[in-house]
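Visitor: Please take me closely through one piece of strand pairing in this model. Then connect it to what else can be read from the coordinates.

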Amino acid sequence: MDNYILEMKDIHKSFSGVKALSGINLTLKKQEILGLCGENGAGKSTLMKILSGIYPFGSYEGSIFINGKEMKFNNIKDAENSGVAIIHQELNLIPEMNVMENIFLGNFLNKFGILNKDEMYIKTKKAISVIAPNIDPKSKIKDLGTGEQQMVEIAKAISKNANILIFDEPTSSLTEKEISKLIEIIFSLKEKGLSAIYISHKLDEIEAITDRVEIIRDGVSVGEGKTIDMHSDKIISLMVGRSIENLIPRREREIGDIIFEAKNYTLYDKVNSNIKKVDNASFYLKEREILGFSGLVGSGRTELLSAIYGAYTGDYIGESYLNGEKLNIKKTEDAVKLKIGFVPEERKTQGVILNDSVQNNIILSTIKNYSVKGSLDKNWRKKPLWNIKKNFR
Ligand SMILES: Nc1ncnc2c1ncn2[C@@H]1O[C@H](COP(=O)(O)OP(=O)(O)O)[C@@H](O)[C@H]1O
Ligand SMILES: [Mg+2]
């Protein structure tokens with residue numbers, strides 16, 4: 001019989017009557033790295049939140065066994081005590097606190113009732129030395145890069161003596177270098193006897209890291225197998241429920257003339273203005289054309305486009321033209337007036353105001369169109385939000 005370190009059986013979970021998971025089964029062996037694949041909304045994070053005690057026993061149906069013993073976690077602590085720790089898709093560290101305070105959050109070491117900072121420092125140093133020896137336990141989280149913050153999250157999970165680590169899309173904001181470091185760390189943890197569940201959209205990572213893959217779609221398991229037996233085409237078609245050829249049907253578009261041109265953009269680093277982030281870049285865009293920008297993380301794609309949009313805060317030079325006319329975009333409002341839109345990378349901090357309504361977020365950048373004498377027109381809902389016909393003939 002197979003010796004599973006973890007078994008999740010027939011897991012069901014609904015959110016206010018809407019089914020998110022409808023009978024998922026999942027197994028994990030010691031030292032195995034299982035890839036969990038599925039489209040956005042398939043239920044991956046929900047399943048992992050059940051496993052890590054975020055959704056407590058009673059809020060879902062089905063059962064969880066660890067080393068053959070049934071578990072009923074009431075909270076994250078229960079799961080951690082049974083050796084399960086999760087590294088979230090979105091980092092959960094407190095920016096104003098330092099590394100050691102974050103690692104021991106809720107677990108501050110006490111000796112005779114006082115905070116023992118020396119012991120905390122030593123233990124943090126030990127936990128972090130395996131992963132990122134150059135991070136100082138006393139650095140504030142906000143002063144670390146995203147990759148380093150990710151390493152702190154992992155150190156935090158390991159410091160809880162986890163033997164099942166859950167990585168929920170850990171690499172979405174890491175550079176290539178940080179990703180290879182992370183992969184190295186996962187392999188060394190595996191060697192030390194840990195098992196892991198690894199969620200990622202990036203199939204090259206799934207292929208490189210995992211031993212086995214489980215694919216879920218709309219809250220049900222749709223396929224499973226050893227990674228070496230699964231081609232990425234097979235994983236994708238299981239994920240989306242269609243064959244790869246029909247994934248994104250190509251539609252013919254008639255491409256028009258050049259509508260936009262960017263010429264000789266050079267951008268300087270925001271902190272060190274001697275460093276060029278972008279060196280003399282030019283490109284054009286034709287009517288009805290979709291232009292792709294490809295490059296490694298850090299290669300300057302976002303910076304170039306934000307400069308054109310008037311959102312780059314460092315120094316730069318360059319000229320842009322719309323329908324042959326030279327533009328003078330100094331701030332984002334100027335771009336909005338020209339009907340140029342920008343969907344930023346960091347939606348939570350650059351795209352939307354999280355604690356405001358959907359309504360206000362949608363009209364925020366064009367609020368003037370809906371205002372009379374400085375306040376919102378009470379009939380604003382009747383006005384078209386985005387008149388595509390008018391903008392693009
Ligand atoms: N807190 C929540 N409240 C309501 N619906 C949720 C909540 N969390 C997830 N869902 C829904 O459950 C489904 C699965 O979501 P999720 O587990 O986040 O998917 P994944 O991680 O695979 O992208 C989605 O339809 C999502 O909208
Ligand atoms: Mg998710």
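Guide: Start with strands β1 (residues 4-15) and β2 (residues 18-29). They run antiparallel and are joined by 9 bridges. Strands (E, at least two residues) and helices (H or I, at least four) are DSSP runs, numbered from the N terminus. Two strands pair if DSSP finds at least two bridges between them.

This is a predicted model: local features need pLDDT of at least 70, side-chain atom pairs count only at pLDDT 80 or more, and totals for chains, interfaces and linings use all residues. Residues are numbered from 1 along each chain as its sequence is written, chains are lettered from A and ligands numbered from 1 in the order in which they are written, and side-chain values use heavy atoms, with hydrogens and water left out.

Back to the pair. Opposite Ser-14 stands Lys-19, in β2. The two strands make a hairpin, with 2 residues between them. In that turn, Ser-16 has a positive phi of about 35°.

β1 has another partner. Strand β4 (residues 61-66) pairs with β1 over 5 bridges, again in the antiparallel sense. Here the bridge partner of His-12 is Glu-61, in β4.

Now set that part in its chain. The chain holds 18 strands and 13 helices. Along the principal axes, its C-alpha atoms fill a box of roughly 70 × 50 × 45 Å. Of the 393 residues, 39% count as buried. Buried means under 20% relative accessible area, exposed means over 50%, and partly exposed lies in between (1.4 Å probe, protein chains only).

The assignment gives domain 1 (4-246), domain 2 (253-351) and domain 3 (353-393). Between the C-alpha centres of domain 1 and domain 2 the distance is 36 Å.

β13 (residues 258-268) pairs with β15 (residues 316-322) through 6 bridges, in the antiparallel sense. Leu-267 faces Tyr-316 of β15 across that pairing. β15 also runs antiparallel to β16 (residues 325-326), with 2 bridges joining them. Tyr-321 stands opposite Lys-326 in β16. This hairpin of β15 and β16 has 2 residues between its strands, and Asn-323 takes a positive phi near 50°.

Lys-326 leads on to the charged contacts. Side chains of opposite charge can pair when their charged atoms come close. A salt bridge here is a side-chain nitrogen of Lys or Arg within 4 Å of a carboxyl oxygen of Asp or Glu. Lys-326 meets Glu-319 in one such bridge, at 3.7 Å from N to O. Lys-326 is exposed, at 51% relative accessibility. Glu-319 is partly exposed, at 33%. Elsewhere, Glu-32, Arg-212 and Glu-224 are joined into one network by salt bridges that share partners.

The count of salt bridges comes to 11. One of them links Lys-142 and Glu-96, with the closest N and O atoms 3.5 Å apart. Lys-142 sits in the loop between α4 (117-129) and α5 (146-158), and Glu-96 in the loop between β6 (84-87) and α3 (99-103), so this pair ties together parts that are 46 residues apart in sequence. Lys-142 is partly exposed, at 46% relative accessibility.

Glu-205 and Lys-202 form another bridge, at 3.8 Å between the closest N and O atoms. Glu-205 is buried, with a relative accessible area of 5%. Lys-202 is partly exposed, at 31%.

On a 1 Å grid over the protein atoms alone, a cavity is a set of points where a 1.4 Å probe fits but cannot get out, and lining residues have an atom within 4 Å of a point. Grid points are joined across faces, edges and corners, and a volume is the space filled by probe spheres set on the points. The count is 1 cavity of 30 Å³ or more. The largest cavity has a volume of about 40 Å³. Its lining includes Ile-33, Leu-165, Phe-167 and Lys-190. β9 (164-168), α6 (176-191) and β10 (195-199) each supply at least two lining residues. The largest share, 3 residues, comes from α6. By class, the lining has 7 nonpolar, 1 polar and 1 charged residues. In that scheme Ala, Val, Leu, Ile, Met, Phe, Trp, Tyr, Cys and Pro are nonpolar, Asp, Glu, Lys and Arg are charged, and the others, Gly among them, are polar.

Note on methods. Domain bounds come from an automatic or database domain assignment. On a 1 Å grid over the protein atoms alone, a cavity is a set of points where a 1.4 Å probe fits but cannot get out, and a pocket is an open set with protein on both sides within 12 Å along at least five of seven lines; lining residues have an atom within 4 Å of a point.
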